[in-house]
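This briefing is intended for a reader who is meeting the structure for the first time.

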Amino acid sequence: MKKIILSSSLFSLVLGIMLLPGQCVWAGQGAAGHGAGSVLEMIKDAQHSLDPMRVESAHQLSMKTVDAQMPGPDGTFKVLARKDQITRYRCSVCHNDKPVQVQNGALYTHSDIVINHGKGENKLACVDCHDNKDRDSLVDKQGRKIDYDHSYQLCGQCHFRQKRDWVGGAHGKREAYWAGERVVNNCTSCHNPHSPAFKTKMPETYSLPLDE
Amino acid sequence: MGSGNKKKEQMKKDNMLAGKTTRRDFMKNISIAAAAGSAGLVTGGCAGSATSEEAALKWEEYFKKNYRLMTPEEKDETVARLVRLAKLQDNRDIQMSDQEPHENVLFGYAFNISRCKGYMDCVEACVQENNLDRNSKTQYIRIFEMDPGKLDPTTGDGKFHHEVPVEGKFYMGVQCFHCENAPCIKACPTKATWMEPDGIVVVDYDWCIGCRYCLAACPYWGRRFNWGDPHVPHDEVNVDQHYLGNRMRMKGVMEKCTFCVQRTRKGKLPACANACPTGSRVFGNLLDPNSEIRFVLANKKVFRFKEELGTDPKFWYFMD
């Protein structure tokens with residue numbers, strides 16, 4: 001059963017006619033935006049900002065995250081976990097002392113991985129990032145073990161400018177929400193660590209010519 | 001005297017309460033009669049009960065107020081009518097919201113011209129999210145392929161379709177910049193477009209008369225006009241809608257990027273920023289000193305397109 005309220009519409013018709021000449025009420029806020037000066041002035045003068053944690057609808061991430069092992073602009077932040085995404089993790093399942101069957105050799109030797117990381121002839125080798133002794137872990141140039149979930153610490157050794165921008169938010173991207181807890185993509189969420197540059201490809205769509 | 005007034009008021013109240021049902025019934029009868037009449041005119045007679053409900057809803061919709069003059073109840077009523085109309089007309093179950101802006105939020109956007117690769121995932125995501133007309137291939141975003149050193153998109157190629165990125169080119173996206181001092185708002189003769197308190201410039205599609213003054217006033221080509229009835233394939237319609245955002249538009253009205261108001265007021269990223277595979281798009285609250293967008297403004301080289309016009313856009317370009 002639908003409820004039809006016509007009285008309100010007739011009333012609004014009358015009201016609408018009455019209000020037509022009286023639209024100057026809006027002129028101030030409509031034409032000059034917020035009426036509080038330019039955007040930069042508003043940013044400078046801002047006394048309060050919404051606590052992003054108060055946006056209740058922004059807390060529904062289904063992906064696994066880990067706490068970043070370094071401070072962001074606003075205390076801690078979260079990073080998308082990596083280990084879940086590696087199909088053959090844990091590495092020590094194969095990388096141990098047990099013999100492996102030779103018919104799976106192509107798969108077991110990672111023949112699908114192409115390394116295109118590093119300038120010119122100086123391409124990186126596996127052990128530049130992977131720990132030769134503990135295959136379940138990465139290793140940085142000072143010999144410290146680095147967890148796969150925190151690979152940004154490894155990448156940041158060389159790409160320190162990108163890391164600084166990533167921590168602040170000018171490089172990389174947040175996951176799904178601008179509000180709520182800050183969850184950012186890991187380096188390896190977007191870049192293939194073995195071949196990190198973006199590939200050339202056809203665009204997703206195209207635009208029609210401008211009608212000028 | 002005071003008690004006399006009180007008595008009068010009480011009597012008025014009683015009369016209203018007593019007369020409420022009969023008057024409402026009377027009005028309802030008129031509405032059904034009128035609706036049946038207009039439906040008869042449209043369909044050429046023999047209007048069924050479903051079409052008369054549809055016509056009655058359309059009748060009410062026709063006489064509603066400008067969105068900014070509505071009370072919260074009236075906003076909810078028109079949303080309920082539009083949801084019901086979508087069911088009656090297109091057999092579509094939609095969820096429409098009239099969610100108000102959050103306090104102490106001012107949305108801003110930054111675009112990294114040294115990261116964008118021209119993949120156009122953003123354009124496609126925007127089309128899907130905002131129910132843009134597929135017939136005219138309407139798009140809110142345009143990506144320009146630019147020569148180095150040029151920062152004016154009019155010098156770029158806005159209709160490229162080849163493998164990207166091309167060596168030696170860079171890519172620059174243009175959309176509505178949600179100017180603080182927006183020329184389009186000033187140009188509108190019916191006050192059908194305005195800026196919300198969270199900084200989003202929106203259009204009341206039911207109050208727009210289609211004069212296109214705003215389109216002419218915008219120096220950034222940020223606005224789109226529906227020359228025909230917008231068409232979206234039935235199974236591609238995004239049913240998660242907002243009154244001021246991606247609800248279905250009609251022939252003869254303006255539309256534009258709304259920073260995905262249906263998403264961003266729920267805390268989500270706009271569809272374009274969410275879809276970007278290169279992280280070139282940064283979105284957030286300009287009033288929050290810890291937000292990503294504030295980091296970009298404070299630490300990167302930024303510029304705004306046609307800064308000299310004084311439109312004060314909330315959309316910055318930056319480079320690494």
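In this predicted model, helix α6 of chain A spans residues 160-168, and its buried residues are A:Asp165, A:Trp166, A:Val167 and A:Gly168. These buried residues pack against β2 (78-80), α5 (152-155) and β5 (183-184) of chain A, and also against α9 (292-299) of chain B.

- Directly after α6 of chain A comes A:Gly169, whose phi is positive, at about 120°.
- A:Asp165, one of the buried residues of the helix, has a side chain that meets the side chain of B:Lys300 in a salt bridge, at 2.5 Å from N to O.

**The interface between chain B and chain A**

- The size of an interface is often expressed as the accessible area that is lost when the parts come together.
- Chain B and chain A bury about 6900 Å² between them, and 61% of this lies on carbon and sulfur atoms.
- On the side of chain B, the residues that lose the most area to chain A are B:Glu60, B:Tyr119 and B:Glu292, which together account for 9% of what that side buries.
- The contact draws 88 residues from chain B and 69 residues from chain A.
- Across this interface there are 4 salt bridges.
- There are also 22 residue pairs in polar contact between chain B and chain A, counted where both residues have pLDDT 80 or more.
- Helix α9 of chain B gives the most to the side of chain B that touches chain A, contributing 5 residues.
- Sorted by class, that side of chain B holds 35 nonpolar, 20 polar and 33 charged residues.

**Chain B as a whole**

- The secondary structure of chain B consists of 9 helices and 12 strands.
- Chain B has 320 residues, of which 54% are buried.
- Among the contacts in chain B between residues at least 6 apart in sequence, 65% join residues that are at least 24 apart.

**Aromatic pairs**

- Over all chains, the count comes to 24 aromatic pairs.
- B:Phe160 and B:Tyr171 form an edge-to-face pair, with 5.5 Å from centre to centre and 65° between the planes.
- B:Phe160 lies in the loop between β3 (142-146) and β4 (170-174) of chain B, while B:Tyr171 lies in strand β4, so this pair ties together parts that are 11 residues apart in sequence.
- Both partners are buried: B:Phe160 has a relative accessibility of 2%, and B:Tyr171 has a relative accessible area of 1%.
- The pair of B:Phe303 and B:Tyr317 is stacked, because the ring centres are 5.4 Å apart and the planes stand at 25°.
- B:Phe303 belongs to strand β11 (residues 301-303) and B:Tyr317 to strand β12 (residues 315-319) of chain B, so the pair ties together parts that are 14 residues apart in sequence.
- B:Phe303 counts as buried at 17% relative accessibility, and B:Tyr317 is buried with a relative accessible area of 0%.

**Backbone features**

- Most residues other than glycine have a negative phi, and most peptide bonds are trans.
- B:Lys306 has a positive phi, near 55°; this residue sits in the loop between β11 and β12 of chain B and is partly exposed, with a relative accessible area of 23%.
- B:Asp312 also has a positive phi, near 60°; its place is in the loop between β11 and β12 of chain B, and at 10% relative accessibility it counts as buried.
- A cis peptide bond with omega of about 5° joins A:Tyr89 and A:Arg90, and A:Arg90 is found in the loop between β2 and α4 of chain A.
- A cis peptide bond with omega of about -5° joins B:Val164 and B:Pro165, and B:Pro165 is found in the loop between β3 and β4 of chain B.

**A:Tyr108**

- A:Tyr108 lies in helix α4 (residues 105-108) of chain A and is partly exposed, with a relative accessible area of 32%.
- Leaving aside residues up to four places away in sequence, A:Tyr108 touches A:Cys94, A:Val100 and A:Gln101.
- A:Tyr108 and A:Asn132 are 24 residues apart in sequence and 16 Å apart in space, taken from C-alpha to C-alpha.

Note on methods
Residues are numbered from 1 along each chain as its sequence is written. Chains are lettered from A and ligands numbered from 1 in the order in which they are written. This is a predicted model: local features need pLDDT of at least 70, side-chain atom pairs count only at pLDDT 80 or more; totals for chains, interfaces and linings use all residues. Side-chain values use heavy atoms; hydrogens and water are left out. Buried means under 20% relative accessible area, exposed over 50%, partly exposed in between (1.4 Å probe, protein chains only). Helices (H or I, at least four residues) and strands (E, at least two) are DSSP runs, numbered from the N terminus. Contact means heavy atoms within 4.5 Å. Buried area is the accessible area (1.4 Å probe) that two parts lose on being put together, summed over both. A polar contact is a pair of N or O atoms within 3.5 Å; within protein, one must be able to donate a hydrogen and the other to accept it, and residues adjacent in sequence count only if both atoms are side-chain atoms. Ala, Val, Leu, Ile, Met, Phe, Trp, Tyr, Cys and Pro count as nonpolar, Asp, Glu, Lys and Arg as charged, and the others, Gly among them, as polar. Rings of Phe, Tyr and Trp (its six-membered ring) pair if their centres lie within 6.5 Å; planes under 30 degrees apart count as stacked, over 60 as edge-to-face and the rest as tilted.
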